[in-house]
Amino acid sequence: MRIFKLKNEEWWIALIAFIVVATLLALMIYQYSPLFLRGGTLGYWSIFSRNFRMSGYDCWSYITLSNLRIHFETARHPLFLTLLLPLFQANQWLMNATGINFAVFLMGALTTFCAVYAIVFLYRTMKEVIGLSIIDALILTLLFFSLAHVMVAMIVPDHFVLSLFMLTLTLYVAGMKLKRGETFTLWQSAWLLFLTAGITVTNGIKTLLAVLFVNGRRVLTMKFVLIGALLPLVLLFAIQRFQYNAYEIPQQTAIHLIEWAKQKKDSAAVVRHQAQRNRWTTEHSGKPISHLPLLDMTDVTTPRIPSMIENLFGESTQLHRDHLLEDMAFTRPVFVTYRSVHNYIIEFALLLLFFIGLIYGRQSPLLQLCTSWFAIDLTLHIILGFGINEVYIMAADWIFIIPLALACCVQRLNAVQKSVFRIAILCFSLYHLAWNGSLLVMHLLTPYNQLVR
C-alpha cells in the first residue's frame, strides 16, 4: 500500500486534480438532478439509459448500483461487478434510509479516486522513472489531463477511468523495476494481471507485456506461467461464471418476461422502435470480417484515414463543437469535421511532436513497452475495427503515450532547447485545457432534457 502514499509535491497535484475532477463531476450530477437522485422501486433502465448522453460512454454502473441489473458484458469486464457489489449494498442502505438514490455519488467517488491517482502515477513515471524536473513533469501531466477524452473519461460512470488507473499504476511499477534492474515476483505479476484483466480483459495482455519487458525470458518458466499468468485468468473465469449464474441468468429470465409483456401490450410500437434502432445502427456501422462470435464486432469498411484524423487523434484530443459529446449510437455521425482549420493545425502539430518523441525515445525500454501497448490498441481499433466508430472513448487506454513520448524527447535536449520546448508544451496544454474545458462545461450546463436525442 506504500504506492498510494503521496509525496510532498504530490499532495498539491492530487488536491488540484481532485478539485477539478470533483467540480466537473458535480456539474454532471447537477445536470441530471433530481432525475438521477430518485430512489425506490423504479424503472432505472428508463431513468438512466434514456437520459444519460455523454459521447457514447455507458451508464450501466448507475443501474447496477440502483437495482443490481447488469447491462455490461461481464465476460469482458469480469471484476467490474465485484467492485460494484459493495457500492450497491451501501446504496441500498442509504436509499432505504433517505429515499435518495446515491448511485451517482458512490460511482463518482470511485471514478474520482481512480482519476486522481492516475494523474499522480503518470506524474511519478515522468519524474522518477524518466527523470524529468518537477516543472517539466507538471507541464506534461497538465497536457495529459487537458486532452479531451481524458477529461471526459474521468467523470463518466464507465470503466475507462478504472482501466486508466490500473494501466498507469502498471506502467509506473514496471518503469521503476526497469530503472532499478528488479523483476516482478510471481505474486506481483499475478495480482497485476488479475486486476488489470479484471477491469478489461484486453488490458491483461498489456500487463503480460509489462512483465515480459521487465523479466525477460524468466517468465517462460513453468512456475511463472502457471502462477503469474494462468492462475489469475482461471480465477477471473471462475468469478465471471459464478456471477453469470447467480445474477445474469435470473435477470435474463425477468427481462424476457418484461419484453414479452410489452410485445403483447403494443407489438406495433415495439416493432417500430426496433426497426428504427436497427436502421440507424446499420447506416452507421461498417461490415464485419465475419458474423462468427467476436469477429462480428469487427469493421472492415469504415474509412481508416478519416477515422484517424477526426476520431482517433482528433476527437480524442480536441472536442468537436458540432454534435458536441453526442452519442454515435443515437445522433452523432461517424465523422464530424472541425469548423476551423486551426484545430487541424493543433492536431497535426501535437502529432508531429509525438512522433519526434517516439524517435528520440526509441531506446527507452519504458517507451518501448508503452509503444507495444499502443500497437495493441491500433490493431484492435484501427486494423480490425473493434469500436472504430467511437474509437475516441477508448482514448484513456492509450493516450498517455503522448506525454511519455514528449518526456523522452525532453531528456535529449540541451538547456536552451528545453526552455523552448517547455514553453511550447505549456501553450499546447493551456490551449487544450481552455478548448476542451469550456466545451465540456458548456455541455454540462445544458439541462439534460435539452440535449440532442
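The model is predicted, so to speak of local features takes a pLDDT of at least 70 and side-chain atom pairs count only at pLDDT 80 or more, while totals for chains, interfaces and linings use all residues. Residues are numbered from 1 along each chain as its sequence is written, and side-chain values use heavy atoms, with hydrogens and water left out.

Salt bridges come first. Searching the whole structure turns up 10 of them, a salt bridge being a side-chain nitrogen of Lys or Arg within 4 Å of a carboxyl oxygen of Asp or Glu. One pairs E9 with K127 at 3.6 Å, N to O. Since E9 sits in helix 1 and K127 in helix 5, this contact ties together parts 118 residues apart in sequence (helices are DSSP runs of H or I, at least four residues, numbered from the N terminus). Another joins R76 and E73, also with an N to O distance of 3.6 Å. In the pair E182 and K177, at 4.0 Å, E182 is partly exposed at 36% relative accessible area, whereas K177 is buried at 8% (buried is under 20%, exposed over 50%, partly exposed in between, with a 1.4 Å probe and protein chains only). K7, E10, R124 and E128 form a salt-bridge network.

Then there's the greasy bit: W11, W12, L15, I16, F18, I19 and V20 make a nonpolar surface patch of about 760 Å². Patch members have over 30% relative accessible area and no salt bridge, with nonpolar side chains (Val, Leu, Ile, Met, Phe, Trp, Tyr) joined within 5 Å and like charges within 9 Å; areas are Shrake-Rupley values with a 1.4 Å probe, and for residues only the protein chains shown count as cover. F18 belongs to helix 1, residues 8-32.

Notes
Helix = DSSP H or I, 4+ residues; strand = E, 2+ residues; numbered from the N terminus.
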